[in-house]
Each structure stands twice: as C-alpha cells, then as structure tokens.
Amino acid sequence: MKKFPIILILAAVVALIASCVGNSVEDEYKDWRQTNTEWFSMQVNRTDASGKSYYKMLGAPWDPSAQTLIHWYNDTMLTRNNLKPLYTSTVDVKYRLRLYDGTAIDSSYTSMSPADSVTRFVMPGTLIEGWVMAMMNMHVGDSCSVIVPYQQGYGSVTMGKVKPFSTLVFDIKLVSIYGYETN
C-alpha cells in the first residue's frame, strides 16, 4: 500500500511533463510568425517611385529594440505646429486595423462615441507599444499607415481575431488630444 501514493505521484509528474512537452504556441504558429516577419522586413525596405523609403522606422526611448513603421498620407508641413500627444495623453482617433494579409480586424468607423467614427484611448493604458510609438510621432490632423511587428503588438498571445505573432496594419487619423484645443 505504501507504493501506491508514490506511483500516483510519479504518474502525475509524468502527465505534467508530457503536457508541457506538447505543441507550444511557437511551434503551432511557426509558419505564420515567419510569414509575418518576412512581410514586415519587406515593408522596411519598401520604396516609393522616387526610390525614397516609403515608411519611416520609429523607435521608442523606453525600448531601444522596439520598431514600428509609419507613413504619413498628409503633408506634415501643414500639421507640424499642431499638438502632439505625450506618453500619457488621451487621444481621439479614427482607425482601421487589419492583418498583413488584409484581413479586417477592427475599426472605429462603427463607433458613435465620443463622436461619429471617433474612439478615445488613454495612453499608454492597454494600448500596444507600437500604437503608442506612432501616436507620439503624430500631430493632430495627421493620417498615417502604421505597421506594428508582433513584438510591439500582441506578441505570442491570441487577442480576439488576432493570432499570435501577427503583424498589425493600422490606418490612423489623429483627430484630437482630449482636453486640449488646436489652433
């Protein structure tokens, strides 16, 4: 009878080890991660018709290894004197989120609060690092395409329709900084 508890404990340990050795998230999404990483690298090297870089690489003062790409659709000379969010600002934005392959994930265009198609975010709050990096480089009135690699996005975690290791593509318009007026 004294052997039974030992055998039971050993069986539990073997079961625990076997469950840990199974497929990890990294193994399960290996191809997806590789495809997303390769696509991001292609965007880093993308050029416009004149041969200039299409995207600007953003870094983060708080994380030297962080990377996010941004491309302004508007003339930034027209918005350069407008307010720019700080790390802790509350921002009102219009946005669309999709995956690198064009799969639509989320959009503020279904929102009616605080205004038509506008969504309010408190930074950094629950926002991903890549979003905060982009916001801190935009001025009120800017419209941008922002590409966030998985490391500055949701990482190895599933978030709603977003698979682990997903490169995120945002179209963002910074409408205002809550509590401040623009000229």
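Residues are numbered from 1 along each chain as its sequence is written. In this predicted model, local features need pLDDT of at least 70, side-chain atom pairs count only at pLDDT 80 or more, and totals for chains, interfaces and linings use all residues, while side-chain values use heavy atoms, with hydrogens and water left out.

Let's start with the largest pocket, whose volume is about 220 Å³. On a 1 Å grid over the protein atoms alone, a pocket is an open set of points where a 1.4 Å probe fits, with protein on both sides within 12 Å along at least five of seven lines; lining residues have an atom within 4 Å of a point. Of its 15 lining residues, Tyr-95, Leu-97, Asp-106, Tyr-154 and Phe-170 are the closest to the centre. Strand S3 (90–99) and strand S4 (104–107) each give at least two residues to that lining; strands here are DSSP runs of E, at least two residues, and helices are runs of H or I, at least four residues, numbered from the N terminus.

**Rings that pair up**

Searching the whole structure turns up nine aromatic pairs. Rings of Phe, Tyr and Trp (its six-membered ring) pair if their centres lie within 6.5 Å; planes under 30 degrees apart count as stacked, over 60 as edge-to-face and the rest as tilted. Here are two of the pairs:

| Pair | Type | Centre to centre | Angle between planes |
|---|---|---|---|
| Trp-32 and Tyr-100 | tilted | 5.5 Å | 55 degrees |
| Phe-121 and Trp-131 | edge-to-face | 5.3 Å | 65 degrees |

Trp-32 sits in helix H3 (residues 30–44) and Tyr-100 in the loop between S3 and S4, 68 residues apart. Trp-32 is buried, at 14% relative accessible area (buried means under 20%, with a 1.4 Å probe and protein chains only). In the other pair, Phe-121 belongs to strand S5 (residues 119–122) and Trp-131 to helix H4 (residues 129–135), and both are buried. Ring pairs also join Tyr-95, Phe-121, Trp-131 and Phe-170 into a cluster.

**A buried threonine**

Where does Thr-167 lie? Look in the loop between strand S6 (143–148) and strand S7 (168–177). Thr-167 is buried, with a relative accessible area of 1%. Not counting residues up to four places away in sequence, Thr-167 touches several others, including Asn-36, Trp-39, Arg-98, Tyr-100 and Ile-147; contact means heavy atoms within 4.5 Å.

Terms used. Points joined across faces, edges and corners; volume = space filled by probe spheres on them. Buried < 20%, exposed > 50% of the residue type's maximum accessible area, 1.4 Å probe, protein only.
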